[in-house]
Amino acid sequence: MGASVAAFSRAHPSADRGYPLLLSRLDERLARGDVLMTQQRAGEIAAKAATEHRLDLRDTISDQLLRHLASVGGDAAREKAELLGKFKRPPSNSSNLTFLTAARAMLTEAQGETDVLGRHGMADALLGDLDSAVTKLEEATSAARASRLDHVGARADLAAVASEISSIVRVLDGLNRYRFAKDKELLAAWDSAKNVGGSNRAKGGAVPPKGGTESAK
């Protein structure tokens, strides 16, 4: 809607001194909206990729590394009773924070019991691999959170920009209805321009379309 109104306004300029200022504001808001839509989309893509990477890491940690440590720890508890129950994998449906906390706790416990765990079959490289994998999971979790904040913030800013665009269009609507009061053809063209994307004319003029912020732009 905003882009359509801007194009119409440039094609049918007014000599009124406030008209160029309105168009300048509209163009600036449209440019800002384009930046925010790009930022929102990039954030959504990055958040999805980070989430998928995080899930892959969780599967690897749980199904391979922690599974091996849990089986070794359970066997080692026969020799050292204090280890009983300390090497249990977190449930598959646990939250990411719960999973990370449990994985770190198992790793820390194992690092202090390398001798007994080694005697019961723990792979030499396991703890190094587990430490690396958990660190990567923490990084992926942070990346997913940051990307999510990016696109959520962009969406909120975009809604504000769309509201500003609609406000400018309402001002132009009042002006153009005054300008084109005796020219039904131009008035119909104006109505068509501001109703692009499903926007409807309310009491005071144009209102944001139900389609959302992108339609308003």
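The text below takes the helices, then the salt bridges, then the cores.

This is a predicted model, in which local features need pLDDT of at least 70 and side-chain atom pairs count only at pLDDT 80 or more, while totals for chains, interfaces and linings use all residues. Residues are numbered from 1 along each chain as its sequence is written, and side-chain values use heavy atoms, with hydrogens and water left out.

**Helix 2**

Helices are DSSP runs (H or I, at least four residues), numbered from the N terminus. Helix 2 covers residues 19–76, which is 58 residues. From first to last C-alpha it reaches 81 Å, close to the expected 86 Å; the expected span is 1.5 Å times one less than the number of residues. Helix 2 has a kink of about 40°, centred on L66. The bend at a residue is the angle between axes fitted to the seven residues ending there and the seven starting there.

**Salt bridges**

A salt bridge is a side-chain nitrogen of Lys or Arg within 4 Å of a carboxyl oxygen of Asp or Glu. The structure holds 16 of these salt bridges.

| D27 | R10 | 3.2 Å |

For accessibility, buried means under 20% relative accessible area, exposed over 50%, and partly exposed in between (1.4 Å probe, protein chains only). D131 is partly exposed at 29%, and R104 is partly exposed at 24%.

Salt bridges with shared partners also join D173, R177, D191 and K194 into one network. D191 counts as buried because its relative accessibility is 17%. The side chains of D191 and R177 are joined by a polar contact of 2.4 Å. A polar contact is a pair of N or O atoms within 3.5 Å; within protein, one must be able to donate a hydrogen and the other to accept it, and residues adjacent in sequence count only if both atoms are side-chain atoms.

E44 and R41 are three residues apart in helix 2, so about one helical turn separates them. E44 is partly exposed, at 27%. In the remaining listed pair, D27 is partly exposed at 33%, whereas R10 is exposed at 51%.

**Nonpolar packing**

A nonpolar core is a set of buried Ala, Val, Leu, Ile, Met, Phe, Trp, Tyr and Cys residues joined through side-chain atoms within 4.5 Å. The largest core has 26 residues, and I61, L66, L69, F87, L117, M122 and L130 have the most contacts inside it. Helix 2, helix 3, helix 4 (114–119) and helix 5 each give two or more residues to this core. A second, separate core has 21 residues, including V5, L23, L30 and W190.

Contact means heavy atoms within 4.5 Å. Leaving aside neighbours within four places in sequence, L66 is in contact with I61, R89, P90, F99, A103, M106 and L130.

A144 lies in helix 5 and is buried, with a relative accessible area of 0%. Not counting residues up to four places away in sequence, A144 touches A47, A50, T51 and R54.
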